[in-house]
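Here's a quick briefing to read with the model open in your viewer. Have a look at the chain first, then work through the points below.

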Amino acid sequence: MSYQLISRILASPWFIHRPWADAHLPLIAALLKGQNVSFVQRTGNEGVEQPFVIDPATMERYNLYLHGSPNPNIPPNSVGVLPITGPLTHYNGDCGEPGMIQRTNWLMDMQKRDHIGSIVQLIDTPGGEGRAAQGYCAVMARSKKPVLSYVDNMCASLGMWFSSGSQEVYLSHDLASMG
């Protein structure tokens, strides 16, 4: 496991849902003892946490990027969707999940694309590393496009910081939680 991950766990302030942290404590303890810890990949090749775009006229989904370059096929007035999922970290994770620096770059890219009319944060997070929020939230505060939050299950601790900067917040169902 990487020195960077251990350093972030020990030295960074964390704003995270206590029951989530407690449930993962055995993994953290094993990691700190130098034991071999295997984390299930959150993203793999499926691109679950990759940004995408929805054309509201057809509800068709488009990738924000094609082969690493901006997708030129995005229809006018599309909605950019930016996943904010899992435990949030400042840097990209060891399992391939994007950190908040990467997500901030995606947010800035969505803000400057003419064919994207609004941005939705798709949030499902127990929280995360405190320093992960500052840059992203500063960029969100300067957005000329509306930024909305859609909570799909959980928006806890640090996730509240992200949702508080949006114009509106929606919960996906009656059991979705915020706080």
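Let's start with S78, which sits in strand 6. Keep in mind that this is a predicted model. S78 has 0% relative accessibility, so it counts as buried.

**Around S78**
- Leaving out residues up to four places away in sequence, S78 touches V53, I54, D55 and P56, and also H115, I116, G117 and S118.

**The nonpolar core**
- As background, nonpolar side chains tend to be buried together in soluble globular proteins.
- How many residues does the largest nonpolar core have here? There are 25 of them, and L82, I84, M100, L107, Y136 and F162 have the most contacts inside the core.

**Helix 3 against helix 4**
- Helix 3 and helix 4 pack with their axes 9 Å apart, at an angle of about 10°.
- Angles under 35 degrees count as roughly parallel, so helix 3 and helix 4 are roughly parallel to each other.
- On the helix 3 side, the contact uses M100, R103, T104, L107, M108 and Q111, and these meet G135, Y136, V139 and M140 in helix 4.
- Sorted by class, that contact has six nonpolar, three polar and one charged residues.

**Helix 1 against helix 2**
- Helix 1 is residues 3–11 and helix 2 is residues 18–32; they pack with axes 11 Å apart at an angle of about 120°.
- Are helix 1 and helix 2 parallel or oblique to each other? At that angle, helix 1 and helix 2 are oblique.
- The crossing of helix 1 and helix 2 is left-handed.
- L5, I6, I9 and L10 from helix 1 meet I28, L31 and L32 from helix 2.
- By class, this contact has seven nonpolar residues, with no polar and no charged ones.

**A buried aspartate**
- D109 is part of helix 3.
- Is D109 buried or exposed? D109 is buried, because its relative accessible area is 10% and buried means under 20%.
- Apart from neighbours within four places in sequence, D109 is in contact with L64 and Y65.

**Two positive phi values**
- N77 isn't a glycine, yet N77 has a positive phi of about 60°.
- Where does N77 lie? You'll find N77 in the loop between strand 5 (69–70) and strand 6.
- N77 counts as exposed, with 60% relative accessibility.
- S157 isn't a glycine either, and S157 has a positive phi of about 50°.
- Look for S157 in the loop between strand 9 and helix 5.
- With a relative accessible area of 26%, S157 is partly exposed.

Notes. Residues numbered from 1 in each chain as written. Predicted model: local features only at pLDDT ≥ 70, side-chain atom pairs only at ≥ 80, totals over all residues. Heavy atoms only, no water. Axes fitted to C-alpha atoms, helices over the stretch in contact; angles between N-to-C directions. Helix = DSSP H or I, 4+ residues; strand = E, 2+ residues; numbered from the N terminus. Parallel < 35°, antiparallel > 145°, perpendicular 65-115°, else oblique. Left-handed = near helix turned anticlockwise from the far one by under 90°. Contact = heavy atoms within 4.5 Å. Nonpolar A, V, L, I, M, F, W, Y, C, P; charged D, E, K, R; others polar. Core = buried A, V, L, I, M, F, W, Y, C linked by side-chain atoms within 4.5 Å. Buried < 20%, exposed > 50% of the residue type's maximum accessible area, 1.4 Å probe, protein only.
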